[in-house]
Amino acid sequence: MSESFDVIIIGGGPGGYVAAIRAAQLGLKTACVEKRGALGGTCLNVGCIPSKALLESSEKFEDASHSFAAHGIDAKVSLKLDVMMARKVDVVTKLTQGIEGLFKKNKVTYIKGLGTITGKNEVTVEGTKYATKNIVIATGSEVTPLNGITIDEKQIVSSTGALELTSVPKHLVVIGAGVIGLELGSVWKRLGAKVTVLEYLDRVTPGIDNEIAKQFQKTLEKQGFEFKLGQKVTSAKPSKAGVEVTFEPAAGGAAEKLNADVVLVAVGRRAYTDKLGLESVGLTTNKRGQIDTNAHWQTAVPNIYAIGDVIAGPMLAHKAEDEGVAVAEWIAGQKPHINYNLIPGVIYTHPEVATVGKTEEELKAANVAYKVGKFPFMANSRARATGQVEGLVKIIADAKTDEVLGVHIIGPQAGNTIHEACVAMEFGASSEDIARTCHAHPTYNEAVKEAAFAVAGRAIHM
Ligand code: NAD
């Protein structure tokens, strides 16, 4: 046995590395095991961060190509994809190295390699055994494969390959109108690709408030996205000429074909527990491949915990981070709490979509009486000044108590604006509380204040 710890965390993504830092802050002797060769997990290495780097670069390209002229700026624009990609790599590298720095600062032991549970108090990494009082599983998720389709990360790509294309595809076919499909579809659309999205359901972005999702689809269609909804993809066959995609109506009917240069498979992610050694301690996964935990992130083995994408709940980096903090505090004897009703979701397209709390559909299903207030960015002076007038803020409040139950935004910087709603809701705000809070003028947030006024039918600028 080489070394012993109070807690060993398996996985160095947003859940795992945050848990490690918090555990070390609390005085626990902590190690974090990571097999990727870099900390930060899917999010930093092949997910949130590289995609946001490319979304930013491609938006600048799109702006310079199409929007500058209206501001009286004459620009000659050409694309250097290799430079754009090199910038993305630089962003990722600096951030992942930053976490290594944080580990050193907090005295977290970083163990490189595949971690396997080999006993209730033992983790083995590349043949070396480490003793530990507690284990935290933070192994994340992997791409869900689609029957009949082999991802080669060249012609048929997952999000990972879609972040590394070496040229702009003429025609990108995206399978799945979820977050990944629409964010990465946006990147390549802006850089010049024709983008067709095939979606199984009869709507985009399942789980998002229906009214917002409908407006989102219309906005993307205006940008040139083509949607084929209610379609089941049955195969994608690569050849030198491209990829032939076959699909048929989900409700049954004749098959159709499409030719693409690149196909992006974005039909979801699933919990990742490969070679983790769960069986060595009698743990199993549930039907969805996830590890079951109680309210304190404890598995059926009390000193083994699990957090992040590998357990139930939204597969979001910030949910995993909050669980990382909470699980460390629980192990250290504190009483942390996470409000799972208030985990915001953001889609970083243009405009952005951001949401927190309940949708109208969820409230209807639960028979909750509610009132709705809406305010369009078209009537917001900051949006008029910046020319980003698409979208709206929608606030849903309890019909009796006026407590805010859900806030849904499509519009400029929605991903930042939503946090005013998160904080207000965390403190149990009513729509009137938000409406009577002074908001600086001119800001996008004024649309939140106006939507809050609109709940009582008294918006000023509408
Ligand atoms: P998703 O669950 O968001 O969307 C997958 C879509 O694919 C759904 O609309 C689904 O109906 C559709 N689909 C499933 N099977 C299909 C089929 N056979 N044919 C056609 N369509 C099919 O999943 P995703 O976009 O792959 O993202 C994976 C996870 O990563 C999600 O949990 C997401 O929240 C997370 N993520 C979040 C962000 C963000 O927060 N901005 C960004 C990227 C990924």
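## Backbone in the loops

Glu 126 sits in the loop between strand 5 (122–125) and strand 6; helices (H or I, at least four residues) and strands (E, at least two) are DSSP runs, numbered from the N terminus. Although Glu 126 is not a glycine, its phi is positive, at about 50 degrees. Its relative accessible area is 60%, so Glu 126 is exposed; the cut-offs are under 20% relative accessible area for buried, over 50% for exposed, and partly exposed in between (1.4 Å probe, protein chains only).

This is a predicted model, in which local features need pLDDT of at least 70, side-chain atom pairs count only at pLDDT 80 or more, and totals for chains, interfaces and linings use all residues. Residues are numbered from 1 along each chain as its sequence is written, and side-chain values use heavy atoms, with hydrogens and water left out.

Thr 205, in the loop between strand 10 (194–198) and helix 7 (210–222), is another residue other than glycine with a positive phi, near 40 degrees. Thr 205 counts as buried, at 3% relative accessibility. Two peptide bonds are cis: the bond from His 350 to Pro 351, with omega near 0 degrees, and the bond that joins His 441 and Pro 442, with omega about 0 degrees. Pro 351 is in the loop between strand 18 (345–347) and strand 19 (352–357), and Pro 442 is in the loop between helix 12 (431–435) and helix 13 (446–455).

## Strand 1 and its partners

Strand 1 (residues 3–10) has eight residues, six of them buried, so this strand is largely enclosed by the rest of the structure. Strand 1 runs parallel to strand 6 (residues 128–137), and seven bridges join them; strands pair if DSSP finds at least two bridges between them. Within this pairing, Glu 3 stands opposite Tyr 130.

Strand 1 is also parallel to strand 2 (residues 30–34), with four bridges between them. Ile 10 has Val 33 of strand 2 as its bridge partner. From strand 1 the chain passes through helix 1 (residues 14–25) to strand 2 in a right-handed β-α-β crossover, meaning that, with the strands pointing away from the viewer, the path from the first strand over the helix to the second runs clockwise.

## Aromatic rings and charges

There are four aromatic pairs in the structure. Rings of Phe, Tyr and Trp (its six-membered ring) pair if their centres lie within 6.5 Å; planes under 30 degrees apart count as stacked, over 60 as edge-to-face and the rest as tilted. One of the pairs, Phe 5 with Tyr 130, is tilted, at 6.3 Å centre to centre and 50 degrees between the planes. Phe 5 lies in strand 1 and Tyr 130 in strand 6, so this pair ties together parts that are 125 residues apart in sequence. Phe 5 counts as buried at 3% relative accessibility, and Tyr 130 counts as buried at 12%.

Lys 29 lies over the face of Phe 5, at 4.9 Å from the ring centre. A charge sits over a ring if NZ of Lys or CZ of Arg is within 6 Å of the ring centre and within 35 degrees of the ring normal. Arg 382 lies over the face of Tyr 444 in this way, at 5.5 Å from the ring centre.

## Helix 8

The 15 residues of helix 8 (residues 317–331) should span 21 Å at 1.5 Å a residue, and the end C-alpha atoms are 21 Å apart, which agrees; the expected span is 1.5 Å times one less than the number of residues. Its buried residues, including Trp 330 and Ile 331, pack against strand 1, helix 1, strand 6 and strand 17 (304–306), where contact means heavy atoms within 4.5 Å. Just after helix 8, Gly 333 has a positive phi of about 95 degrees.
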